Number of protein chains: 2
Amino acid sequence: VVRSIPRAVGAAMFTTNQVQAAPVLVSREHLGAAQPQAIVMNSGVANAATGARGRADAVAVAARTAALLDLRPEEVLVLSTGLIGAPLPIGRITEHLPVAVAAMTDTGGLDVAEAIMTTDTRPKHATAAGAGFTVGGVAKGSGMIHPALATMLAVVTTDHALTPEQAADHLHAAVGRSFNRITVDGDQSTNDAVVLLANGAAGAPAGEGDFRRALQQVCDDLARQIVADGEGATLIIEIRVTHAASEADAIAVAGSIATSNLVKTAAFGRDPNWGRVLAAAGAAVSDGRPVKLDVDLAELRFNDTLLFGSGAPTAGTPDMGGNVLRIDLDLGVGDGAAGYLSTDLTGDYVRINADYTT
Amino acid sequence: VVRSIPRAVGAAMFTTNQVQAAPVLVSREHLGAAQPQAIVMNSGVANAATGARGRADAVAVAARTAALLDLRPEEVLVLSTGLIGAPLPIGRITEHLPVAVAAMTDTGGLDVAEAIMTTDTRPKHATAAGAGFTVGGVAKGSGMIHPALATMLAVVTTDHALTPEQAADHLHAAVGRSFNRITVDGDQSTNDAVVLLANGAAGAPAGEGDFRRALQQVCDDLARQIVADGEGATLIIEIRVTHAASEADAIAVAGSIATSNLVKTAAFGRDPNWGRVLAAAGAAVSDGRPVKLDVDLAELRFNDTLLFGSGAPTAGTPDMGGNVLRIDLDLGVGDGAAGYLSTDLTGDYVRINADYTT
């Protein structure tokens, strides 16, 4: 359970999956009715595809938490992660909520990071200090516990003062360049959520630019931690696409490379297989149209070594050691640029997701 | 080498990847200039991303083949498959082309199916007889030889008489429902090509409907053989989406399920993890917009056992034995329907694509 003691202003972003978990639906309604003051999270059961019962359970968890914190139910958001289709153990949750609430402390952020872990092998948390204020965040994800999803939850708090509109704007911008630019397996959760709570306890209002930088830093940091802890991953793939026809094209190309199983298996094998990267780039579609790509203008580098340029392969041999593979693709056709983080695809990924039996 | 002795009419479809191999570019030009009479194919080297030299090599292969067959160069199509970025061994090819041409026979179709194999474990061929005519085809693909691509090549011939427009129309329709509805790993080749040659040797013109059915049957058969021989695959996933808002929505939903690594690893583990299927369906995007999906109207079956309906899970337990997993998703919102074939994602897939080092 996370709460703000001074009254907070909040914003949240949820999965765009058309199948939305009950806690996502309930939290959306609560956000429409009130500013959020607290967040209650559970792992193990996603409470997705659970029908009327699932909805009633999510409402009950929010109501019970609100009563314990002396809040209105709509001031509480509910986040769940885990197996799809299983019902919440609602009796155990309502029974133990008073224990969780009683255990809350001012310095419990790291406890939250641990409490929401599922198959995560490391707790994920980040902070950034600005001029007189602090931004802190926790996240879980990309280890998949029950055979469910690359479910990602993140909560970011700050003592900076924001209006609701500012909170939503800043969160949208920061998430667009962090959590929305990572992939482990291309699958999209029914439960993903990122919540920002801002309560102004810092007093002196800081510049918006300063806050934006701090928020971006925390979101980037958490997003990278999620990828680094990706299921079965042995390295991070840092993809940078520059000089695309537009930012949308750059995102599409970077995303196509980031989700290519052939690129990801080659990375696992430490094979500098740049042909797979070009092929994935050429397959990218932006807004229903192929991206603009002229192979004669493109330059492709692995870890700063040029492998393809002027329409033909070079004799370059990249250093494939280390646990980061940097892929830089310069399309040479415009001003669009985008980054993306991915992982390699390994036998451990398959084992983790295949061998568990429901 | 495949050729038609009576003058043929032809049509071809190529990969939509923005990075196109030299043989694809040259074959496109030849198709625009003449009706194709012969096809020359090589495996091992894709001749993609090879610059001006690659283009000159593809032109040279067509010209040499044309000279041997007494055809004009633009009457010959060139298809290559294999490693991206490596040059064709043009000397060996031109030296041995006379041997290949001398070995051609009227009954050599199965030899072609074997000759174009790469990591394919089985040759792929199919025939269908119509009223007085025959359609035959060969294909290679979905085993990836060099660490290149799920490159697919197919050649279909018939003694049915067609106009060029009919050939193109029929091929487009048949490919749309066969080769364009299969996936092994979601990656898209720089070299994919399907060619149809029709020479009318059967004499009596058959009904167009009859020919369409025969062509579809051959393409469906070859497409299924490619999936069944998919890299590391232990089963075929047959996906059927019905009652979608449109055919485009149905294709998008079926494709999203077919390419989900989580669905594919669960299939490998014989885990009836229907939640992953719902999540993949909900993530589908058609023409840049989320598909229409109301979870309360959807029904999901594995191997004919209802697992989700009326917005909630059932107590059904599907039979997960066998080497086919049938996934039927009824969206209950319209008249659109589509099928898709996929494979499971296995440790062998990762090994095959990671362990090979260029």
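In the predicted model, Ala214(A) makes contact with Ala128(A), Phe133(A) and Val135(A), its neighbours within four places in sequence being left aside. Ala214(A) belongs to helix α6 of chain A, which spans residues 208-228. Its relative accessibility is 5%, below the 20% limit, and Ala214(A) is therefore classed as buried. A separation of 56 residues in sequence lies between Ala214(A) and Thr158(A), whereas their C-alpha atoms are 9.8 Å apart in space.

Asp229(A) is located in the loop that connects α6 with β9 (236-244) of chain A. With a relative accessibility of 6%, Asp229(A) also counts as buried. The side chain of Asp229(A) is joined to that of Lys124(A) by a polar contact of 2.6 Å.

In chain B, an open sheet is formed by five strands, arranged in the order β2-β8-β7-β6-β5 with mixed pairing. From one strand to the next, the twist averages 10°. The pairing of β5(B) with β6 (residues 134-140) of chain B is antiparallel and extends over six bridges; within β6(B), Thr134(B) is the bridge partner of Ala129(B). Helix α6 of chain B (residues 208-228) packs on this sheet, where it touches β5, β6, β7 (153-158) and β8 (193-198) of chain B. The direction of this helix makes about 160° with that of β5(B).

Helix α2 of chain B (residues 51-69) comprises 19 residues. The distance from its first C-alpha to its last is 28 Å, close to the 27 Å expected at 1.5 Å a residue. Buried positions in α2(B) are Gly54(B), Asp57(B), Ala58(B), Val61(B), Ala62(B), Thr65(B), Ala66(B) and Leu69(B). Viewed down the axis of α2(B), these buried residues fall within an arc of 165°, so they line one face of the helix. This arrangement may be set beside the geometry of the α-helix in general: with 3.6 residues a turn, residues three or four places apart point the same way. The buried residues of α2(B) pack against several elements of chain B, namely β1 (2-3), α1 (22-33), β3 (38-45), β4 (76-83) and α3 (90-102). On the face of α2(B) turned away from the buried side, the exposed residues Ala52(B) and Ala67(B) are found. Just after α2(B), Asp70(B) adopts a positive phi of about 60°.

Note on methods. Residues numbered from 1 in each chain as written. Chains lettered and ligands numbered in written order. Predicted model: local features only at pLDDT ≥ 70, side-chain atom pairs only at ≥ 80, totals over all residues. Heavy atoms only, no water. Helix = DSSP H or I, 4+ residues; strand = E, 2+ residues; numbered from the N terminus. Buried < 20%, exposed > 50% of the residue type's maximum accessible area, 1.4 Å probe, protein only. Contact = heavy atoms within 4.5 Å. Pairing = 2+ DSSP bridges. Axes fitted to C-alpha atoms, helices over the stretch in contact; angles between N-to-C directions. Polar contact = N/O pair within 3.5 Å; in protein donor to acceptor, adjacent residues only side chain to side chain. Expected span 1.5 Å × (residues − 1). Arc of directions from axis to C-beta.
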